[in-house]
Every structure is written in structure tokens, then in C-alpha cells.
Amino acid sequence: MKDLRAFRMLMASVAAVGVGAGASAAGEFDGVTIQAKLIGGQQYEGLYARIADWEAETGGKVEISSKKSHFEIDREIKSDMAAGTTSWCVGSNHSSFAPQYEGLYVDLNAFVPAETVAEFVPGNINASTVGGELLMLPRAQFDVSVLYYLKSNYEDADKSAAFKEEYGYDLAVPETWDQVKDQAIFFADPPNFYGTQYAGKDEAIVGRFYEMVVAEGGNYIDETNKPIFNSEAGQRALQWFVDLYEAKAVPAGTTSYVWDDLGQGFASGTIALNLDWPGWAGFFNDPESSKAAGNVGVAVQPMGSAARTGWSGHHGFSVTDDCENKDAAVSLVMFLTSEESQLAESAGGSLPTRTAVWATNVEAAQNGDDAFRAEALAAFAEGAKHAFAVPPIPEWGESTNIVFPELQAAIVGDKTVEEALNDAAEGVDELMREAGYY
Amino acid sequence: MRRRLPEWFVLLLPAFIVIAAVVLIPLIFSLYSSFTPYKLTRPSTLWRWVGTYNYQKILTDANFWAAFGRTVLFLTIVLNVELLLGLGIALMVNRVTWGQRTLRTILMFPMMFSPILVGFQFKFIFNDNVGLVNNVLQSLGITDMALPWLVDGRLAMFSIVFAEVWMSTSVFAILILAGLFAMPRDPLEAAEVDGCTPWQTFRHITLPFLMPFIYIAMTIRSLDVARAYDIVQIMTGGGPARRTELLWTLMSRTGYVDARMGLANAMGYVSIILSILFTIYFFRKLSAARAEIGLEG
């Protein structure tokens, strides 16, 4: 059995060299059917329409056996791993999920030519690499958050004067998280208008906390994977969330909000400052969907007391180890992440993960007549420089489930910041011990 | 000569096989896995025996026992409120002489909705910013605040209880109504002749007669409510800060999101105790109630 697998691997590698050496030969995969499990949703469909081109070019066929949200796909993949039904070939992947699927996906370094890998943004390739193995090729769905704000708040002379009198500095688009806090409290007028908002549960709030801890000079875990987020930097970071909640500068329900609630909230025009993802840019400035349209500014994310940081992630495609036609699967993955595919997909507003596509898009936006798009893309290009992914360990997701209820406990006042973080660190410490890190 | 299997056994064999395949084997398998560190993403962990480690972890886990206690509290409140409302509705419907059938059908409407949809419906109704309840309260001038229905510990529990009661009170109403229909008229007429007040009639004749029906409804609903998951998961996800965490939201997160199936199964076995205790209690009460109205225990 093992020999057979080794033989198949060898054959696949030989075939992959063939693919890598040039474009797929016409009709190369005649009669081959590739089963794929892909992330579904309006913003992802455009790329899948291109699959027909790959089919026409290579003669292969793609059968999409599952199309779900990332969280649902994640659960399905875990069930597949438990049941041993992992012979489907191509799967959507995400930098936050990738480290969990131990042994499921092949190391693409063995299949994809090094020069192709080098065409991607190095940070994205790093975040796709776990334990030295390149587990996915990044698609044009890179996520880092920047600051969306309502411009009108900065064009009102009375407001500016009142703010200066109260806080002692000029009212301008915030550069630091402390300024965001001051301004959010200043702008808030609950229950009609709020200064800002944040994701309040699940991985979402832990990710926000994580980027804030790093911005304050701390970190989530150390090099041995021991939790260190209960440091002073961590406490300063969590205090920021607590202060805003206590001052009623964020909606009372913010602890139950995740991305959709936040996006709809800013689009309702009742939130002054909103750290959010690139996918919302078009939505926020579209009069059909947003009351804030025409009044939206986009700036690089503010910095903490130590650095400017950006918790980021990106989507990608992986090939399973049990796939029978790895050469065809790799060819499909390379097609979906090619320069043409990324240009097409990022035309819809998502961010690319190839260096050349970034350059083309920024240049096109600067020369175009859509000032908002140019402003947003410039902010994201700047924001991406400070981006980093979550720690590449399988326990990341599980640790967030331990940490988020404790963060909430501090925010709603059940525990002090220090108690909450110590309790969370204790739980994560136990998790890491059980995982055998130390 | 070959010995033949007894005929009754051969006839029952298909049923035995089916029950073993769909109930017994999964049960034994899940019990076994609760003694392993089984993670869905690492199938090899299924074969590592860790003894009672998972159970020890659960017994000393304050969060688990808090969820356990909260589930008991939730069960107690929901069952009692549903009983009172169900009893009231059944008594009233019983008095209706015209259009009773239509009324009984309407009564069953909430039961026809999927619990997930009921969860979404109440999540929207209780939303602090755009929800119906806060908008009504603010428009009527009762409050100018955005009440955090799904965030505040007590309010969130109330909202979930409200949704659960809205959906399932009719189970009680229908079962109690069945009891009222089956009730003999003679004792009621005798009580009337003897000059009993309506309260005396209800307390000493109607209620004892209904008690077996009430305990059957209680047993069915206690098993249902102890499994409460969909509504809670949709409305609050057990949060914030575990304020509405019940056993099943905790177990499903441990098993499917954290992929720690071994630990989740151990939690399942510990929490089965809860269902068993409630069931035994209600069956005892049921026997006592049947004995009281002259049926054998």
C-alpha cells in the first residue's frame, strides 16, 4: 500500500514537472475528473466561472462536490478526515485554518515551480507555509483591515473646536488607537450614534485582540507556544475594549457582533470609526446598500504604543494527499491562482496576493476616475505592509474558543482585565501542554 | 444434525441487527472514545487510551458545571412556565364551544416552525439596535436606552426562555387538552350537586385527573429542553462571557469546532445523568398521580 502511494507520488511529481515546465498541454487531462470542495458566496463565484476555461484548455472536468462558508467547509473537512474520505482533490483553504489539517494536503513546493511561487507576495507564501510545507497557493482574497470613517465628522468646525477644548489636540483622522478611543467617546451619542464598534465573539474578537497586543509591544504566544498575552501589553490592549464599552461608545450588543453585523452597522451610517476588511469597501460607498455612501473615508489602520499591526489572512487552494490525479489538481490550483485569475478576481474589489497584480491594480486605480477606489486601494496597500497571519499552529482556533469568553467577561464587567487574561492564559497553557509543546 | 436457531430469535434478528448498528455500536464507540484524547483532525488519537482523564477534567471544570447548573435552571423555569401557560390555555380552549378545532390547529402553529428559524426570529426581535422590542419600548417612551437583551446575563436568559416557551407551550396545552377531553363528567356533576366552588372542583377533581397527562408532557419536554441547542446557538451562541452557555452549546463547540470528540463524548455521558434523573423523577410522580386517581401505579 505504502509502495503504491510512493509510486503514485513519484508519477505525480513527474507529471507536475511537465505542468510546471510550461502551460498545460491541450487535452492533457482528457477524461480526468477533479472533485473540489470550495468556499461559496457571492464574492467568490466570479473566479469559479473561469473553471470552464481550464476545462476547455485541458480536457479535464471539475466537479464541485461542496460549496459552503469557510466554517462549514472546515467542519466538513474535519468529518472527512475522521471518516477517512479524503480522496477529493482540491479544497479551499485559509491561512487561519491551514495548520489544523495535519497530513491532509500535499506540500506544493514539490509540484509548483519555485519561480511561480516567487511571483506571490512573500508574506502570503510564509503564511501558507506550515512546518516548511507549502500547503496552499494564495488566491486573490487577501484580508487585512484598515480604518473606514465618516468624513463629515472631520468637516464640522464646531465639533473640531469642542474636541480640541476637551482633549487638547486637533481633531483629525486618528493615527493611534488612543486617538480612536478619544474620538469614539467624543462622537458617541447612544442609542442613535456610536463612536466605533468591534467584533465581540468567536475568533473575530481574539484576532482583533491579537493585533492590538502586538501593536502594544506584546505577543499572543512565545516561541515555545506558551501564552503570553496576559502581559502588561495584553492588559493595555484589552483595557481599550473595556473602556469603549463602559463609555457606551460602542453598541451594547457589540459582544454578539461578528463581521456581517459590523458591516451593516457602519453602512447604517450610525458608526463614526470602523476597522474593517477590504470586501466591504464597495458596499460602504454604494448608495443602494449604504447610508454612509459618499461620506466614507479610508485610512491606514491606526497604531498602538509600539507598532502599526494588521491581523491578516488569505484564502487559497490546496491539493489533498489522497487525490488520484495530483498533476491535474495542481494544474487547476495554479490556474485559479494565476496572474490572469487574480487580475479578474481583484477587479471585483478583493485584494491580490501576487506582487505584479498589486502593482497593476494600484496603478490602474491612480489613473482611473474613481477617487474612492484609489483612496481605498492606497490604504490597503499601506495596511498590507504591516500585516501578519495568526500563529501557524493547529491549536490557534481552539485557543480562541478559550480566550473569547474571557475577553467578553472583562468587557461586560464580570471580571477585571487582569483576572480575565490570567484565566484565559491558564486555559491556553493547559491546551498547549496537552498538545505536547512543553 | 445441525442445531437450528429458535424461530423467535431468527424473526427478531433483523431488528436486533438494525438496533445494534444504529444505536448500540455508536453508543459503545462513543463511550470508548470518551476514554481517549480523540481529535477529529487526528484520527490516530482514537487508539490512545487515557483512562478517566477526560472525566477528571470535566469534574474539575468550573465552566462545565456552570453550564450544567444553568441547564438545570433553564429546564426548571421553562417547564414550569410552559406548564402554567399550557394549563391555562387548555382550560380556556376547553370552554370554547364554537370554532374549537380551528383554535386547536392555530395553537399548534409555533410547533411547526424549525427551532433554528424561531432562533433567528427572536434574535432579530431582541436585537439591541434594530430589534422590534427596543424600537417599541423607545417609541412608546418607556425607555430611551438600547436595552441589551441578548447581552445582559439575566435579560439574555429571559430572551432564550421566552423563545423556548413561545415555541413549545402548545405541547403542554395539547396534551392537557387531551386529558380534559378524556375526563369523565360524573365526578364534576357530583361536585356541582354537592356545592363545590369552581376552585374546589379544579383543585380536587380536575387537577388530580390531569396530573398523569402533565407528567407525561413534563417527561417529554424535559428531554427536549435538556437538549436545547438550536435556539440558544442562534440567539446568543452561549455568550457573552458564557452567560447563556448550556450543556449542548458547550458540547457542540468542544466536539465540532475544537474537534475534541473524546472530551465532548465524556461531557455527553456526564450530562446524560441529568436526563436520567429528570426522567426517573417524573415517572415516579406519574405513578403516584395514577395511583391517586385509582389507576394502578
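Predicted model: local features only at pLDDT ≥ 70, side-chain atom pairs only at ≥ 80, totals over all residues.
Which hand does the disulfide of Cys89(A) and Cys323(A) have, judged by the torsion about the S-S bond? That torsion is about 85°, so the disulfide is right-handed. Residues are numbered from 1 along each chain as its sequence is written, chains are lettered from A and ligands numbered from 1 in the order in which they are written, and side-chain values use heavy atoms, with hydrogens and water left out.

**The disulfide**

- Searching the whole structure turns up one disulfide over all chains, where the term means a pair of cysteine sulfur atoms within 2.5 Å.
- A disulfide is a covalent bond between the sulfur atoms of two cysteines.
- Here Cys89(A) is joined to Cys323(A), with S to S at 2.0 Å.
- Cys89(A) sits in the loop between helix H4 (70-83) and strand E3 (90-94) of chain A, and Cys323(A) in the loop between strand E11 (313-319) and helix H13 (326-336) of chain A, so the pair ties together parts that are 234 residues apart in sequence.
- Helices (H or I, at least four residues) and strands (E, at least two) are DSSP runs, numbered from the N terminus.
- Cys89(A) and Cys323(A) are both buried; buried means under 20% relative accessible area, exposed over 50%, and partly exposed in between (1.4 Å probe, protein chains only).
- Over in chain B, Cys196(B) is partly exposed, at a relative accessible area of 34%.

**A three-strand sheet in chain A**

- The strand order in this open sheet is E8-E7-E9 (chain A), with antiparallel pairing; two strands pair if DSSP finds at least two bridges between them.
- Strand E8 (273-276) and strand E9 (296-299) of chain A are at the edges with a single partner strand each, so one side of each has no neighbour in the sheet.
- From one strand to the next, the twist averages 25°, using axes that are lines fitted to C-alpha atoms (for helices over the stretch in contact) and angles that run from 0 to 180 degrees between N-to-C directions.
- Strand E7 (residues 146-150) of chain A is joined to E9(A) by four bridges, and the two run antiparallel.
- Opposite Val298(A) in E9(A) you'll find Tyr148(A), and opposite Val296(A) there is Leu150(A).
- In a regular strand the side chains alternate between the two faces of the sheet.
- On E9(A), Val296(A) and Val298(A) point one way while Gly297(A) and Ala299(A) point the other way, and all are buried.

**Cavities**

- Rolling a probe the size of a water molecule over the atoms shows where empty space is left.
- On a 1 Å grid over the protein atoms alone, a cavity is a set of points where a 1.4 Å probe fits but cannot get out, a pocket is an open set with protein on both sides within 12 Å along at least five of seven lines, and lining residues have an atom within 4 Å of a point.
- Grid points are joined across faces, edges and corners, and a volume is the space filled by probe spheres set on the points.
- The whole structure has two cavities of 30 Å³ or more.
- The largest cavity has a volume of about 140 Å³, and of its 17 lining residues the closest to the centre are Trp177(A), Tyr198(A), Arg208(A), Trp240(A) and Leu275(A).
- Its lining has twelve nonpolar, three polar and two charged residues, where Ala, Val, Leu, Ile, Met, Phe, Trp, Tyr, Cys and Pro count as nonpolar, Asp, Glu, Lys and Arg as charged, and the others, Gly among them, as polar.
- The second largest cavity holds about 40 Å³, and its lining includes Phe404(A), Pro405(A), Arg242(B) and Glu245(B).

**The second largest pocket**

- This pocket has about 710 Å³ of space, and of its 27 lining residues the closest to the centre are Ile402(A), Gly427(A), Asp61(B), Asn63(B) and Arg242(B).
- H18(A) gives the largest share of the lining, six residues.
- By class, the lining splits into eight nonpolar, five polar and 14 charged residues.

- Most residues other than glycine have a negative phi, and most peptide bonds are trans.
- Arg242(B) has a positive phi of about 60° and, at 17% relative accessibility, counts as buried.
- Lys248(A) also has a positive phi, near 55°.
- Pro190(A) and Pro191(A) are joined by a cis peptide bond, with omega about 0°.
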